[in-house]
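Student: Could you walk me through this structure, starting with its pocket and then moving on to a residue?

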Amino acid sequence: MKKILALALTLALALPLAACGGDSGSASTSQEGGVTEVTVGVVGASNGQWDTVNELLADEGIHVTLVEFSDYKLPNEALNNGDVDLNAFQHKEYFFNEVETLGYELSVLGDTIIAPLSLYSNYITDISELKEGDKIAVPSDPTNEGRCFKILESAGVLEVDPAAGYNPEIKDITSNPLNLEFIEVEAANTASLLPDVTAAFINGAHAVDNGLNVEDAVYTEQVQAGSDNPYINILACRTEDLENEVYQKVLAAYQSDETAKAIEEIFQGTYIPAWE
């Protein structure tokens with residue numbers, strides 16, 4: 001099938017987000033030639049599954065345009081302000097933390113994928129090879145950093161205070177036999193530190209953008225099936241748009257057998273379809 005390529009727009013951090021246009025109550029940012037355009041904020045450049053979504057939406061007269069961000073902090077702000085119609089970049093734990101902390105009026109439209117978080121290294125091939133004083137790069141945002149510590153705990157490398165729940169911080173590590181040192185950086189930058197640290201946790205989108213997949217990993221999170229998994233990624237919308245018919249059609253096209261097949265073929269386990 002001929003692919004309909006989504007136009008990727010990059011929002012420069014120095015420019016006001018309002019430059020994207022669109023108001024919070026509109027069904028789309030624009031209509032041309034009878035086609036309803038829906039803007040979706042994403043992080044990273046590897047989003048080939050949306051080509052399949054657009055193929056499925058063509059008969060509905062709907063086209064998704066991807067708006068690419070490099071910083072996890074921006075897509076929810078853009079969505080809340082009406083600068084994009086939807087976004088698809090985050091897992092539930094991150095989303096709910098942002099909504100609670102920043103007071104965004106956003107909701108989950110539906111589940112998309114799960115991206116197992118993996119530990120990568122230029123120097124070791126198995127997590128058992130970690131040694132005294134090794135440095136590990138971790139994403140600095142609370143939910144993804146905590147996720148890293150929980151993964152290391154599941155691998156038997158360290159222990160964290162169970163009272164910290166899903167989001168333990170460095171201070172919540174109760175046992176660190178190897179005295180590992182954790183380098184906290186923006187999630188987008190952990191891959192760039194691979195030459196300088198023993199290993200780095202790299203989120204799915206950034207791993208794909210750097211040519212990595214789960215087969216390259218030193219250790220990969222064991223994913224849990226089911227909608228209760230806090231690390232399932234979502235398609236998010238403004239709360240007032242939950243029943244928007246156009247957005248519901250976008251969700252249905254994403255949650256299709258065709259899109260699931262595309263995800264499996266393109267990403268080879270780095271992204272896994274996660275809707276029920």
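Student: How big is the largest pocket in volume?

Tutor: The largest pocket has a volume of about 280 Å³. Here a pocket is an open set of points on a 1 Å grid over the protein atoms alone, where a 1.4 Å probe fits, with protein on both sides within 12 Å along at least five of seven lines, and the volume is the space filled by probe spheres set on the points. This is a predicted model, in which local features need pLDDT of at least 70 and side-chain atom pairs count only at pLDDT 80 or more, while totals for chains, interfaces and linings use all residues. Residues are numbered from 1 along each chain as its sequence is written, and side-chain values use heavy atoms, with hydrogens and water left out.

Student: Ok, how many residues line the largest pocket, and which lie nearest its centre?

Tutor: Its lining has 17 residues, with Tyr72, Lys73, Tyr94, Asp141 and Glu186 nearest the centre; a lining residue has an atom within 4 Å of a point.

Student: And which helix gives the most?

Tutor: That is α3, with five residues, where a helix is a DSSP run of H or I with at least four residues.

Student: New topic: is Ser121 buried or exposed?

Tutor: Ser121 counts as buried because its relative accessibility is 15%, and buried means under 20% relative accessible area with a 1.4 Å probe, protein chains only.

Student: What does Ser121 contact, leaving aside neighbours within four places in sequence?

Tutor: Ser121 is then in contact with Leu194, Thr198, Ala199 and Val218, contact meaning heavy atoms within 4.5 Å.

Methods
Buried means under 20% relative accessible area, exposed over 50%, partly exposed in between (1.4 Å probe, protein chains only). Helices (H or I, at least four residues) and strands (E, at least two) are DSSP runs, numbered from the N terminus.
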